[in-house]
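Subject: Structure for you to look at

Dear colleague,

I am passing on the structure below, and I would be glad if you could look through it with the notes that follow it.

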Amino acid sequence: MLEIIATVVLFAAFAADCFLLSLHFIHMLQLNSYRNERYLRWMKENRSAIINQMGWLLLATLAVSCFLIQPTDWKVRLACSILFLLHGYLNIPKKAKKPLVFTARVKRLYATYFLLTALVAAAVFLSGMLRISLGALFLWAALTCFAVLAANTINGPIEKKIAGWYVEDARKILKSMENLTVIGITGSYGKTSTKNFLASILSTKYNVLMTPESYNTTMGVVRTIREQLRPTHNIFIAEMGAKNPGDIAEICELVKPKYGIITAIGEQHLETFKTIENIINTKFELADSIPQDGIIFLNGDNEYIRNRQTGKKAVTYSVNPGSGCDYTASDISVSREGSRFIVTAPNGESCVFVTKLLGAHNIQNITGCIAVAHTLGISLSEQVLAVKRLKAVEHRLQLLPNGYIDDSYNSNPAGFRAALDVLSGFDGQRVLVTPGMVELGEKQYELNRELGSYAASRCDYAVLVGENQAPPLKEGLLKAGFPEDRLFVAKDLNNAIAIVNSLPDEGPRTVLLENDLPDNF
Amino acid sequence: MKTTVAVFFGGRSVEHEVSIISGIQALSALDSSKYDVLPVYISKDNNFYTGQHMGDIKSYKNMDECLSKATRVIPVAMDGRAALMRFPAKKFGNNIVAIFDIAMPVVHGTNAEDGTLMGMLEMLGIPYTGCDVLSSALGMDKYAMKAVLRQAGLPVLDAVMFTSRQYGLNEEEIIGDIESRFGYPVVVKPVNLGSSIGISLANDKSELKNSIDTAFEFSHRVLVEKAVQNLREINCSVLGDIDEAESSVCEEPITSKEILDYSDKYLSNAGEAGGKKSGMSSLKRRLPADIPAELEAKVRELAVKTFKALGCSGVARIDFLNNRETGELYVNEINTIPGSLSFYLWDATGIKFPKLLDRMIELALKRHRERQALTFTYKTNILSDVSLGGAKGAKGKA
């Protein structure tokens, strides 16, 4: 009797551990777009973490298997169960920024994975529950990362068929909507915010559908079309991401954009593209697929974009008045109400715009959207209200009503500099509150010192948060001639805010909260 | 892919039958190359029915047979669209009878045109044509409408309003007040009724009392206003929304009686129900109205202002009262869903019925877009962070 109970408990514990382990690996597989080669690369990069996680299962395999064919009694089985449960408990996945989504595909993947696991369990049971059999159970659990890979490979052909069917279905839907105008957006960065801006502005006149969140793959576009496209829509905005050459062309082949925007080209994903030329060519697949009566909108401030011929009707936009671009934003100023700028269209029409958003990159993207909307028949003055209502993403250069600029989600030095540039544009008293940049590796001290020097001429007061992190910033600030009596070191954020509140009253105060501050400030 | 438009008609209203005619007129006029049309009939007891045959006016000659062939449904919201669910539901199988993208209410009178139906569509969260809840309600309540129009500086007749209870307690006082303020003749109206039902003219005290009694049969609130002398009625339709609206040519309803009443408005020539000539469009009228250009311009301007002041959308008809001799001009009432959707006025203005319906649908989508851009809810659940002990405690004490 005890034998039977122990066996049942053992298999239950085994199944539980396998489930908990596979959660993590299937999640990783999902994040790597179910592509085996990307998943393998991820495994390679995280080799040590995986070994840490799975290693003692391997040890258990060895330990149990020592006495190869010795039969096991209930005590051994129970001990193994406890080991499985403990391992599973310790490996319950933590809350992720982008958690695992239980799509139909993930469910199919689980079905196959569990079938494989059940086969292993059945084989073990039939072989008579010898020591080596229990070893096999541990081995199977230890190799979950490969088991998931195997399940994905088995499902591959089926998934391809299913995906193909979805693509054709989406194509049919698009075909039935002759009057739908499709706009594609791509670029190394700024795609998602440009997409959101454009959808808001075009909604003043049209019924607009856009790919939600950061859906930017073929399947993301397909899903949007199948689930959300309605006959009442006039315009469909598709965000197009690329990790490999041909990705953009594939999406374009499906949605056939009449208009396109290339927001920016930089060195993102250089490791998969190998060269910057490959990146440029891939982004310009969008321009290549625009029909002769279509228009490609190009960021004229980006040198990679500017220097490239398209052979299509191109409209350029810029935040540099002297650039000779078709649409330019000029006279940019910042204040408590946000950014104010003038956009001039090629027909000479110009209009003052105000937005809550800060930063040259935002103005640049908005100007591109204004150009598209103007081309689609919305006059500049009709767009003013929509631009005014655009919303900043929380904690990303977000202007708060109390004069604080919340840039606490920024985590790179370039963003830090851009935020300092914005701060320096304000009148009145300008205060920087920051713990400096962290997690930059060995260059951290050096980079923070450079940021300190950069900040010296762009703020009137600096409050550095955290005594340990302050020295490099302080060194940089002082070296660039920042007056020491305007420099404070606070032990935490509350202390920093108290210091800010005790500063002398010198006109309107603008406070930049830069990097890594708690959410609920 | 075509847009599915559900046309709602009927309803618990004295203008039930007229609404069926208007609804089916709209159904048949919707451009079939763009839209799939779904008839949704609201019975006199406010139940919803659908069925292929419900788009044909002949089906309604025998109502029992019509309903027995139909499927009773309830509308529910579904992923940004709306579905008609079979009711009572079958135990097995699919209970979704139809799915639609846009609703087009073509209902007349209380319990429907007054915002009731719009409130339901608002709950469904789908785009719908015509006025929203508030403007529909204002359009139906003649007293509230006067108040809003007066605030907007538009010409309306002074009126006395009282409830049946007030009248029962102070009949003589109220009559005296009316006599001293307006003299005779006066017009007596139920406050919240479409059409002209319950409205009558009183030339002396006994007629006034009779008229008030009649009016109280239809509403608990009655309104009395001075009758305009040398009366000429002028109607004008408006198409658009609060941002932009245009007016149609004007018409002059012709009647042998002093006030256009229900039988004039809807029953004359209504024998050949089914053709596009039936309903409001068959009423005897002069179209375009035989009035001086100056007056016509004034009417059209006031019509657009009235439409915007009430926050209307889609198509509405505004009826004016004009004293031929003195030239005085008053906004009398607004029909937020006019009989036959005033298509005959737009036809005479150069906009064909299918085009008129297209425009109404575009306006519905515009309003829907604008509403979606507003903040109505917060993503976070405020209750998730608070201790609910207090709420429970409060309940305990109650």
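Where pLDDT is low, the predicted coordinates should not be read in detail. For chain B, the mean pLDDT is 89, and 86% of the residues reach 70 or more, while the model scores ipTM 0.79 and pTM 0.81.

This is a predicted model, in which local features need pLDDT of at least 70 and side-chain atom pairs count only at pLDDT 80 or more, whereas totals for chains, interfaces and linings use all residues. Residues are numbered from 1 along each chain as its sequence is written, and chains are lettered from A and ligands numbered from 1 in the order in which they are written.

Chain A has 20 helices and 15 strands, which are DSSP runs numbered from the N terminus (helices H or I with at least four residues, strands E with at least two). Its C-alpha trace spans about 85 × 65 × 40 Å along the principal axes. Of its 521 residues, 39% count as buried, that is, with 20 or more other C-beta atoms within 10 Å of their own, those atoms being placed from the backbone. An automatic or database domain assignment divides chain A into domain 1 (2–157), domain 2 (177–388) and domain 3 (398–514), and the C-alpha centres of domain 1 and domain 2 of chain A lie 46 Å apart.

One open sheet of chain A has six strands in the order β10-β11-β15-β12-β13-β14, with mixed pairing; strands pair if DSSP finds at least two bridges between them. At its edges are β10 (398–399) and β14 (487–490) of chain A, each of which pairs on one side only.

Strand β15 (residues 509–514) of chain A is mostly covered, with six of its six residues buried. R509(A), V511(A) and L513(A) lie on one side and T510(A), L512(A) and E514(A) on the other. In a regular strand the side chains alternate between the two faces of the sheet. β15(A) pairs in the parallel sense with β11 (residues 404–407) of chain A over four bridges, I405(A) having L512(A) as its bridge partner. β12(A) and β15(A) are likewise paired in the parallel sense, over five bridges, and R430(A) stands opposite T510(A).

Strand β12 (residues 429–434) of chain A also pairs in the parallel sense with β13 (residues 461–465) of chain A, over four bridges, with T434(A) opposite L464(A). Across β13 and β14 of chain A lies helix α19 (residues 470–479), which runs at about 160° to β13(A); the angle is taken, from 0 to 180 degrees, between N-to-C directions of axes fitted to C-alpha atoms, for helices over the stretch in contact.

In chain B, helix α3 (residues 116–124) has T116(B), L117(B), M118(B) and L121(B) buried, and what covers them includes β1 (3–10), β7 (102–106) and α4 (133–140) of chain B. Just after α3(B), G125(B) takes a positive phi of about 75°.

With best regards

Definitions and conventions. Two residues are in contact if their C-beta atoms, placed from the backbone, lie within 7 Å. A residue is buried if 20 or more other C-beta atoms lie within 10 Å of its own, exposed if 12 or fewer, and partly exposed in between; C-beta atoms are placed from the backbone. pLDDT is the predictor's confidence in each residue, from 0 to 100.
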